[in-house]
Amino acid sequence: MGDPGSGGGATAHGDSPLAAAPLAGAAAVAAIGVLVLAGWTFGIEPLKSVLPGIITMKPNTALGLLASGLALGLGSLPGGSPRRRLAWRALALLPFLLGVATLVEYLAEVDLGIDEILFRDDPGAVRTPFPGRMATVTALSFVLSSAALLGLETGNRPVRLLTDALALIIVLLALLGLLGYLYEVEYLSGVLGYSGFALHTAVALSILGLSILVTRPGEGLLAPFASPTPAGAWGRRLLAAVAVVPVALGWLRLEGQRAGLYGTDFGTSLYAATMVLLLAGVVYAGTASLVREEAIRRGVQEDLRRAKEAAEAAGRELESFSYSVSHDLRAPLRGIDGFSQALLEDHADRLDDRGRDHLQRVRAAAQRMGQLIDDLLDLSRVGRAELARERVDITALARAVAADLARGAPGRSIEWIIEDGLEAEGDPRLLRLVLENLLGNAVKYSGLKPSARIGFGAEGAGPGRVFTVRDEGAGFDMAHAGRLFEPFQRLHHGREFPGTGVGLATVRRVVTRHGGRVWAEGRPGEGAAFHFTLGGGERGAGPREGGRNVKEEA
């Protein structure tokens, strides 16, 4: 997150209403610098001073603004190669050097020869005792803005707060200059006796300071205002009112006094009363907006509560229905299976081979139907059961499941490779279900080979830790990988590898409920690997020094 343009901030705060502001501000600052340089190149006076008879922006100031705008723009773009970061630092350093050199000229009363290095200043320029030299306020703002731009790179919270403080100073200096022009107060537009502060310099520096403040605003002082919530929206509206209303009222008050409509005492009283009235109106409008938002929020919460109660009631009815249906279905299936077995045992001598084969098929179909009912009930329960999270020894759980599977496959040669020290946060009952399905599939789809090698391990640490079950069995075609976790979708024929096609759907539902994801990789005839994570609740121990793999023979 520390590198400018690394995308860390954009990701984190991409949904902020202020997300596009830094790049727009950077473009505006750079455009002002380019236009003023064009004005000096082609002798276009309005580009140099905006209005006749006021201070011109000096070429060095325009160059510093262009470099600052480009640096801010590079820092606002997503992604960041080493070459881009180098260009960003060089551009951010140029205004700093210009500002420091100019301050040295003022303080030491020397001429370093940089003031007219680009263009000769106009003779008799307004408030320009040193031809071509930028104002002291401009030089100081460049030093502060360069430090702020370089501070954005660190991603360190205290440094970011200092960066925002520097940007606020820049905005304050620029605002004083703008107020000097608006209120016609000469000493606000620069230190008297030195070069003055140009109007468009004040505009550009205010944009630059504000743009630095809103670059990844969630990391700095503007985090509350960057929020997309109603409170953040109200804060932005209030901030805009606080910035505009006092300035506008101050201007009206001065204009009325200068026109002789009232004296200083009356003007001050009128200003204070009007400020109270207008700000009270802003507060009232904001409060009413928040009250409306709160009413909407409560309405939504009530609708959610009712929907939750209805869903819970429907779930209870569905569960009752599922148990009833499963009981009603199991009874005839048991009858079919039981009477078919009785026929085979008691009347086998009256049946030929074909008849006995038909009865065996009837029994197998009834047993598959019973297993399918059980799997569907498991899938249904997984979606409704409440998670009982606790710290789970995944290694021990996997070994227990592997032992059960080995006992169920006598005569099979299975090598189990289970990594030591695997832990996770989750529901142990549901996590066992995941391992039973994944390890059980590994055993099943390795059944055509004389010996099987099945592994279980993990990579990484924290919420993104990836657990993997790997086998060297039948594998599958990756073109059909999207069907693996859908109910009743099977990529192998049931006669070759029996099953109901519900197990992996159950795995996906359990993993999703834990906040994770599951996916698979494989190649036909070369085995498969099933990966899953357990989301925010998983706090894996990570690889341990001296850990070992456990090999067990079934």
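**Exercise 1. Determine how helix H2 and helix H8 cross, and describe their packing.**

Step 1. The crossing of H2 and H8 is left-handed, a term used if the near helix is turned anticlockwise from the far one by less than a right angle, whereas clockwise gives right-handed. Helices are DSSP runs of H or I with at least four residues, numbered from the N terminus.

Step 2. In this predicted model, local features need pLDDT of at least 70 and side-chain atom pairs count only at pLDDT 80 or more, while totals for chains, interfaces and linings use all residues. Residues are numbered from 1 along each chain as its sequence is written, and side-chain values use heavy atoms, with hydrogens and water left out.

Step 3. H2 packs against helix H8 (residues 199–213) at an angle of about 155 degrees, and their axes are 9 Å apart; axes are lines fitted to C-alpha atoms, for helices over the stretch in contact, and angles run from 0 to 180 degrees between N-to-C directions. H2 is therefore roughly antiparallel to H8, given that angles over 145 degrees count as roughly antiparallel, under 35 as roughly parallel, 65 to 115 as roughly perpendicular and the rest as oblique.

Step 4. The contact (heavy atoms within 4.5 Å) involves residues including Ala 21, Gly 25 and Val 36 of H2 and His 200, Ile 207 and Ser 211 of H8.

**Exercise 2. Work out which orientation helix H13 and helix H14 have to each other.**

Step 1. The axes of H13 (residues 394–407) and H14 (residues 428–445) come within 9 Å, crossing at roughly 50 degrees.

Step 2. H13 and H14 are therefore oblique to each other, and their crossing is right-handed.

Step 3. Among the residues that make this contact are Leu 397 and Asp 404 of H13, together with Arg 432 and Leu 439 of H14.

**Exercise 3. Find the salt bridge partner of Glu 45.**

Step 1. A salt bridge is a side-chain nitrogen of Lys or Arg within 4 Å of a carboxyl oxygen of Asp or Glu, and by this rule the count comes to 22.

Step 2. The partner of Glu 45 is Lys 48, with the closest N and O atoms 3.0 Å apart. Because they lie three residues apart in helix H3 (residues 45–49), Glu 45 and Lys 48 are separated by about one helical turn.

**Exercise 4. State where in the protein confidence is lowest and where it is highest.**

Step 1. Using pLDDT, the predictor's confidence in each residue from 0 to 100, the protein averages 80, and 82% of the residues score at least 70.

Step 2. Confidence is lowest in helix H1 (residues 8–13), at a mean of 39, and highest in helix H2 (residues 21–42), at 94.

Methods. Helices (H or I, at least four residues) and strands (E, at least two) are DSSP runs, numbered from the N terminus.
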